[in-house]
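Reader: Could you take me through this model by way of a few questions, giving the cut-offs behind each term as it comes up?

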Amino acid sequence: MSLSSLWRAATQHRLFWPVAALIVLLLINVPFTPGFFEIHLKNGHLYGSLVSIVLFGSPLILVSIGMTLVIATGGIDLSVGAVVAISGALACLVVSKQADQNSVAGVLLSFGLALAAALVCGAWNGLLVARLGIQPIIATLILMVAGRGVAQLITGGQIITVNSDSYSLIGGGYWLTLPFSLFVVALVVVLSMVLTRRTALGLLVEAVGGNAEASRLAGIRSRRIKIMAYVFCGLCAGVAGLMISSNVSAADGNNAGLWIELDAILAVVIGGTSLTGGRFHLGGTIVGALIIQTLTTTIYTIGVPTQTNLVFKAVVVIIVCLLQSAAFREKAFGALTKRRNPARKDPGASVDAAPQLEVSP
Amino acid sequence: MSVISRGGPSPHGYRLLQDRRLPVLVTASLFVVMFGFGAFRYQAYGFLDAQVFMNLFIDNGYLLVAAVGATFVILTGGIDLSVGSVIGFTTMLTAWLVEKQGLPLLVVAPIALAVGAFGGYLMGYVIHHFEIQPFIVTLAGLFFFRGLCLVISKESISISDPAVDRLAQTHVPLPGGSFLSIAAVVSLVVLAAAFYVLHYTRFGRRVYAIGGSEQSALLMGLPVAGTKIAVYTVSGFCSALAGLLFTLYIQSGDPLHAVGLELDAIASVVVGGTLLTGGSGYVIGTLCGVLVLGLIKSLIQFEGTLSSWWTKIATGVLLFAFILIQRTMTARRRG
């Protein structure tokens, strides 16, 4: 195999561009922070920039994984931020009411209640989308608006602080020298990968996202698959809410998980999963979430004023979306990208393209 | 709402259900019922004073303008998530230009409007010509304009310019001793203009046609590209105008102004009976939606003991109820 064909094979791989972007972002840090890739062992804990990227990025990775499955079924979940706030608020409320905040049983109880609430939220979204047939954007918009209100109702409009070592383990604690949240993320990632790629579940999800009606006629219980995706997404958001609140040992109904839904959707899109549903790539999503977290860290370390963070993000979204858009690539690169995948599942494109020829003078 | 549950079988009820004006009527009657409830409950606190009703326009004028812009976009079947950020950015830009650069408001206002409209135009251009979903493009717009706010200043800038102050304090007297603010009058003018454009101009018909079926509109030879881009430009312009009104209302620029206002705007449009799939709805319904949301806020204020987050929960419940009504209607129409 010649070098150029090897290069072509590598660039054709769907993870190539996201991973390349991640590596470039990481390398940008090196001139600004000399010891960027160093990892130290202090007091039995691993420290270093890479560790903190993973630590602070873990809630986003979790939410993005749930979001990937929902987007793969052709939906979207805007309510994850509200679910993050609800789950964190409920858990902190339960812990703060206990006489001994350090008791493991009490913390486990709070986790259980918070995750149950997240489960209910996910099931509610799923029912609205799958049973009542409401557009996913709008169905989840309801919980996005009302959920913040519920979270503030739980906290009474205050910021609830807890003082519990066992509670802060999940979001800020260490286990076997590594951040504990890393193990939670790894567990969820392995679980979802095994469930979707080692069983038929992933195929069913892609079938439903490709064409819900056709898959229903083929005998797939598409409604049940959709509800499962939303419930899973709700659960992921619930766990992320526990992590975020435990990391700061406080629950803020108003600001916890604010805009995390946008970051998560962004991570999914960067990872190569199309918003129109169908094919999904969990690996790409994880890389996407890491890119976003690295971008945030990079903005801090290279001394760009933090307020430009959002503008940066917007520019990145636009560039990524433009590169994914076949119409843009055709206009911008012309003959360079003649070999396009003809089986593109975007109804808008195929519908638009044909009549335009007849109409235009 | 009882009409919906009982009206199916009889031919008269069926015709009523098919009527596209039904959701607007439902919202309007909901408003009347809620207002009656408020009048009954808070009689002693002067709820029936005409000024309470006028205050709905004064306090929600900016939301009305933003929601009118969103109505255009939603009628074509698109969505604009950048509304709140453009409003926030306009307050920042206005405050910064007036206070820090010393420009008069008369110069600043057209600049702000042009920036908003241009932002909308760019988003529309990308959405149509590069076939990217409106959701993701306007999401990027949301990030971008909110980021620009922070680039201008991280702190809030209060406006002490006497001209702005005078404009904000001006009362337009109405018969009966009540008054409206300049912002409220502007919002009503925008509403009237939108009503005229949507129902009496070619552009308005095109908006409905594209929302009904983009492909059919294209085959009919309608200028789909121009209309779609224009719709997002209108939304950007309306958002910027709403931002100016918001600046008058609150007399400061703050990078966190109007966070999440796009949701209120979309909720008003939906509660006003416009179908999110596009092609069906009325700008008058949007007015009803804004008034209902505004009335919820007033009722919660009058109640006094209820906390502000009940507004969010009530908005969510209302959204749910109206989407259910929409579902029932569209299901019947097809079936």
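Reader: How does B:Gln251 count, as buried, partly exposed or exposed?

Author: This is a predicted model, in which local features need pLDDT of at least 70, side-chain atom pairs count only at pLDDT 80 or more, and totals for chains, interfaces and linings use all residues. Residues are numbered from 1 along each chain as its sequence is written, and chains are lettered from A and ligands numbered from 1 in the order in which they are written. A residue is buried if 20 or more other C-beta atoms, placed from the backbone, lie within 10 Å of its own, exposed if 12 or fewer, and partly exposed in between. B:Gln251 has 18 C-beta neighbours inside 10 Å, and therefore counts as partly exposed.

Reader: In which loop is B:Gln251 found?

Author: Helices (H or I, at least four residues) and strands (E, at least two) are DSSP runs, numbered from the N terminus. B:Gln251, which has a positive phi of about 55° although it is not a glycine, is found in chain B in the loop between α12 (224-250) and β4 (252-253).

Reader: What is the phi of B:Glu131 near?

Author: B:Glu131 lies in the loop between α6 (105-129) and α7 (134-152) of chain B, and it is partly exposed, with 16 other C-beta atoms within 10 Å. Most residues other than glycine have a negative phi. B:Glu131 is not a glycine, yet its phi is positive, near 55°.

Reader: Is α5(B) parallel or oblique to α13(B)?

Author: Helix α5 (residues 83-100) and helix α13 (residues 261-271) of chain B pack with their axes 6 Å apart, at an angle of about 130°. Axes are lines fitted to C-alpha atoms, for helices over the stretch in contact, and angles run from 0 to 180 degrees between N-to-C directions. Angles under 35 degrees count as roughly parallel, over 145 as roughly antiparallel, 65 to 115 as roughly perpendicular and the rest as oblique. The angle therefore makes the relation of α5(B) to α13(B) oblique.

Reader: Which element gives the largest share of the side of chain A that touches chain B?

Author: Two residues are in contact if their C-beta atoms, placed from the backbone, lie within 7 Å, and on this basis 40 residues from chain A and 39 residues from chain B take part. Among the elements of chain A that give two or more residues to this side are α6 (136-155) and α16 (347-359). The largest share, 12 residues, comes from α6(A).
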